[in-house]
Amino acid sequence: MRIAIVGAGYVGLVTAACLAHLGHRVTCLDIDAARVARLRIGDLPVHEPGLDELVAEGLSNGHLDFAGEYAAIAGSDLAIVCVGTLDPAEEWDGEVVRATVRDLAHDPRLPRWIVIRSTLLPGTARSIAAETRAIDGSVRIAHNPEFTREASAVADFLAPDRIVIGIDAPAADAGGDSLAMALRDAYAPLDAPMVVTDLTSAETIKVASNVFLAAKVTFANEIARLAAATGADAQAVVDGMGLDTRIGRSFLSPGPGFGGSCFPSQARALPLLARRHGVQTPLMDAIWPSNVSQADWLIDGLERAAGRPVAGMRVALLGLTFKAGTDDLRESPAIRLGQALQARGADVAAYDPLALAAGLAMLDAAASEGAEGAEGAEGAEGAEGEAAACRGADAVVIATEWPQFRYLDWAAIAPTMRGRIVVDGRAVVDAPAATAAGLRVIALGVEAAGAALRAVG
Ligand code: UDX
């Protein structure tokens with residue numbers, strides 16, 4: 001099948017490279033000429049495990065190409081729209097998708113089957129479909145949401161739990177619709193269960209899945225707070241809960257709160273959409289405020305352990321990205337933690353293995369612009385590595401679960417620190433090693449000694 005991908009961002013590149021790997025002829029389009037030139041020599045603008053290899057494979061066997069002009073995708077069987085959905089204020093908005101679909105619809109040489117893969121607020125695709133029908137009645141719209149996590153996007157694409165296809169005018173037997181059948185063919189090698197439905201249901205499956213997972217993380221965070229207060233071991237609690245197959249262990253790890261380009265914007269937007277429809281959603285309304293209060297809860301725990309406010313403390317902040325394995329800092333809880341520490345008067349020395357310069361710029365910008373909570377704060381200082389960040393620190397805060405943080409040489413780090421406290425916001429610290437080095441590990445609100453009884457399996 002000849003497939004055009006519109007937008008060579010994160011989702012577009014993964015989709016293009018994986019579909020080429022499945023044997024399709026894929027042309028990936030982007031308006032950024034410099035990006036296209038780099039992509040043509042296999043130089044990727046995003047960090048994603050396994051993606052470089054797939055792009056290189058597609059470029060060398062001729063299944064994948066990059067282009068800057070719509071003319072390059074004339075004759076493709078379908079166009080998959082993967083353009084961004086965040087506005088300049090990082091809020092979720094479908095305007096770029098709408099404009100892209102309109103551009104495609106206006107040119108009859110371009111594919112008449114337009115598949116939107118970008119995430120949409122439920123109801124958007126139906127209105128885009130109505131608009132395009134008015135431009136050209138032969139255009140068909142489908143929505144095929146992605147469920148790929150950053151840092152495991154290639155694996156998620158190639159082994160999906162399900163494939164969801166929403167189509168504009170479902171036939172009585174939706175599986176028999178020509179557009180739905182073309183998409184079934186496109187994904188045939190993946191052998192995953194397929195849900196074929198209408199556009200708004202497909203949009204809702206995507207967003208409800210993300211917001212549900214965001215709620216699950218938030219529930220785990222609140223259970224961690226309760227566990228810290230009652231003396232339970234939060235890790236044992238979520239492990240024990242997760243063994244119930246109705247619950248499952250994934251997305252039940254407490255931490256500093258969720259971040260990224262999807263969960264935060266969708267957790268805020270879905271309750272707003274409900275309100276616009278006059279629907280009450282008290283459970284959904286609570287997710288985002290609870291999520292952002294997690295940073296303060298972790299810092300309160302640090303202050304309790306230290307017996308003093310963080311003002312004037314030098315705090316080593318390890319990890320800035322929103323999770324490990326990515327250089328993405330969007331809505332990172334680590335940045336929220338850094339800003340909250342700065343706002344309370346701490347001096348922050350930060351380290352991140354992939355995104356230090358950009359992360360520091362975000363902390364500095366919040367401080368200099370007087371962002372909410374960070375008014376009057378000093379900018380943060382960058383460190384060459386974990387050990388350098390910890391030198392002279394009164395406390396260490398682990399904000400991202402980078403694997404190397406499990407193996408920190410606490411025996412070497414501890415003597416260089418001014419204080420003794422390690423706040424482990426991701427349950428990654430080797431607590432026995434850190435404790436043996438004379439440090440006090442506060443793992444999600446609980447002092448490490450309390451975790452000694454843990455055994456699962
Ligand atoms: C998400 C969805 O998972 C994916 O299906 C969608 O298509 C894009 O958005 P992503 O943003 O890459 O993927 O991140 P994800 O791995 O889902 O994690 C989101 C946030 O939740 C991260 O900040 C992560 O650290 C946090 N999280 C996740 C936890 O705090 N605890 C957990 O148990 C799981």
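## Exercises: salt bridges and cysteines

Arg 344 counts as partly exposed, at 24% relative accessibility (partly exposed lies between buried, under 20% relative accessible area, and exposed, over 50%, with a 1.4 Å probe and protein chains only). The model is predicted, so local features need pLDDT of at least 70 and side-chain atom pairs count only at pLDDT 80 or more, while totals for chains, interfaces and linings use all residues. Residues are numbered from 1 along each chain as its sequence is written, and side-chain values use heavy atoms, with hydrogens and water left out.

**Exercise 1.** Find the salt-bridge partner of Arg 344 and locate both residues.

Step 1. Apply the criterion: a side-chain nitrogen of Lys or Arg within 4 Å of a carboxyl oxygen of Asp or Glu. The side chain of Arg 344 meets that of Asp 300, at 2.9 Å from N to O.

Step 2. Arg 344 sits in the loop between α13 (333–343) and β10 (347–351), and Asp 300 in helix α12 (residues 287–306). Helices (H or I, at least four residues) and strands (E, at least two) are DSSP runs, numbered from the N terminus. The pair is 44 residues apart and links distant parts of the chain.

Step 3. Check the partner's accessibility. Asp 300 is partly exposed, with a relative accessible area of 31%.

**Exercise 2.** State what the salt bridge between Arg 40 and Asp 65 ties together.

Step 1. The N to O distance of this pair is 3.9 Å.

Step 2. Arg 40 belongs to helix α2 (residues 33–40) and Asp 65 to strand β3 (residues 64–67), so the bridge ties together parts 25 residues apart in sequence.

Step 3. Arg 40 is partly exposed at 46% relative accessible area, and Asp 65 is partly exposed at 36%.

**Exercise 3.** Classify each partner in the salt bridge of Arg 109 and Asp 107 as buried or exposed.

Step 1. Their side chains meet at 2.7 Å, N to O.

Step 2. Arg 109 is exposed, at 57% relative accessibility, whereas Asp 107 is buried, at 15%.

**Exercise 4.** Count the disulfides and examine Cys 82.

Step 1. A disulfide is a pair of cysteine sulfur atoms within 2.5 Å. The structure holds 0 disulfides.

Step 2. For Cys 82, the nearest cysteine sulfur is that of Cys 28, 7.5 Å away.

Step 3. Cys 82 is buried, with a relative accessible area of 6%. Cys 390 also counts as buried, at 0%.
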